[in-house]
Amino acid sequence: PGIEIAPANRADLGAIVACLARNHARYAFAPVWSARDLEGDAPTPGPAPGDFLVARRGSGIVGCVAMWDQRAIRQVIVAGYAPRLARWRRFVNLAASVLGIPRLPLAGSVLAQAFLSHFAVDNDDASIALALLGAARTAAAARGLDVLLLGVAEGNPMLAPIARTFRHRDYRSRLYLVHWPD
């Protein structure tokens with residue numbers, strides 16, 4: 001209640017940067033963003049303002065996520081399938097929409113995927129996180145994307161509600177922090 005999920009625009013960039021800063025400050029390795037980084041014409045490619053969805057409470061932004069389609073700079077190309085899976089690919093694709101699983105693209109084609117990045121929610125409010133991710137999933141389908149990728153730290157309190165709500169595949173990795181006393 002009282003939350004509106006909507007696409008962002010350039011005027012929202014300052015509030016998005018503030019939302020990211022106040023929420024990412026709690027996590028090691030979290031990037032620091034500026035409005036210039038998010039304008040869509042920065043030297044380093046990144047999501048454009050129109051790629052963001054924001055959660056608004058009144059006039060303030062209390063959450064955000066960007067759907068970052070990186071196919072212009074890097075792609076995942078399906079090299080092929082095991083013979084058994086190749087024979088069943090058409091049937092898997094027929095069942096995919098009913099089962100809520102991604103379709104298997106033709107061998108040699110680019111996987112239509114995007115990264116959900118710049119994800120932040122004030123007070124780790126799971127209901128806001130779920131609303132943002134649900135809206136991103138709807139927007140991804142409208143853009144013809146088959147797969148969305150989201151990284152969430154194991155200790156993040158929003159991880160369990162997200163995992164319970166959305167069909168997903170876990171991909172576990174480790175980051176190591178190394179430092180010298182001096």
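1. Let's start with the cysteines. The count of disulfides here comes to 0, where a disulfide is a pair of cysteine sulfur atoms within 2.5 Å. Cys19 takes part in no disulfide, and the nearest cysteine sulfur, that of Cys64, is 4.2 Å away. Cys64 is likewise in no disulfide, its nearest cysteine sulfur being that of Cys19. As a reminder, a disulfide is a covalent bond between the sulfur atoms of two cysteines.

2. A word on what you are looking at. This is a predicted model, in which local features need pLDDT of at least 70 and side-chain atom pairs count only at pLDDT 80 or more, while totals for chains, interfaces and linings use all residues. Residues are numbered from 1 along each chain as its sequence is written, and side-chain values use heavy atoms, with hydrogens and water left out.

3. Now for the overall plan. The protein chain has 4 helices and 5 strands; helices (H or I, at least four residues) and strands (E, at least two) are DSSP runs, numbered from the N terminus. Along the sequence, the pattern reads β-α-β-β-α-β-α-β-α. The C-alpha atoms fill a box of roughly 50 × 50 × 35 Å, taken along the principal axes.

4. How much of the chain is buried? Of its 182 residues, 33% count as buried. Buried means under 20% relative accessible area, exposed means over 50%, and partly exposed lies in between (1.4 Å probe, protein chains only).

5. Contacts tell you how the chain is folded together. A contact means heavy atoms within 4.5 Å. Among the contacts in the protein chain with a separation of 6 or more, 73% are between residues 24 or more positions apart.

6. The buried residues of H1 are Leu13, Ile16, Val17, Cys19, Leu20, Asn23 and His24. They cover an arc of only 160° around the axis, so they sit on the same side of H1; the arc is that of the directions from the helix axis to the C-beta atoms. Their cover includes strand S2 (52–57), strand S3 (60–68) and strand S4 (113–121).

7. Helix H3 (residues 126–142) can be treated the same way. Its 17 residues reach 24 Å from first C-alpha to last, close to the 24 Å expected at 1.5 Å a residue. Which residues of H3 are buried? They are Ile128, Ala129, Leu132, Leu133, Ala136 and Ala140.

8. What do the buried residues of H3 pack against? Their partners are strand S1 (3–7), S2, S3, S4, strand S5 (147–150) and helix H4 (159–165). After H3 comes Gly144, whose phi is positive, near 80°.

9. Look next at the rings. A search of the whole structure finds 1 aromatic pair. Rings of Phe, Tyr and Trp (its six-membered ring) pair if their centres lie within 6.5 Å, with planes under 30 degrees apart counting as stacked, over 60 as edge-to-face and the rest as tilted. The rings of Trp88 and Phe91 have centres 5.5 Å apart and planes at 55°, so the pair is tilted. Because Trp88 and Phe91 are 3 residues apart in helix H2, they are separated by about one helical turn. Phe91 counts as exposed, at 52% relative accessibility.

10. Asp51 lies in the loop between H1 and S2, and its side chain makes a polar contact with that of Arg143 (3.3 Å). A polar contact is a pair of N or O atoms within 3.5 Å; within protein, one must be able to donate a hydrogen and the other to accept it, and residues adjacent in sequence count only if both atoms are side-chain atoms. Ser109 lies in the loop between helix H2 (83–99) and S4, and counts as partly exposed at 23% relative accessibility. The side chain of Ser109 reaches the backbone oxygen of Leu106 at 2.5 Å.

Terms used:
The expected span of a helix is 1.5 Å times one less than its number of residues.
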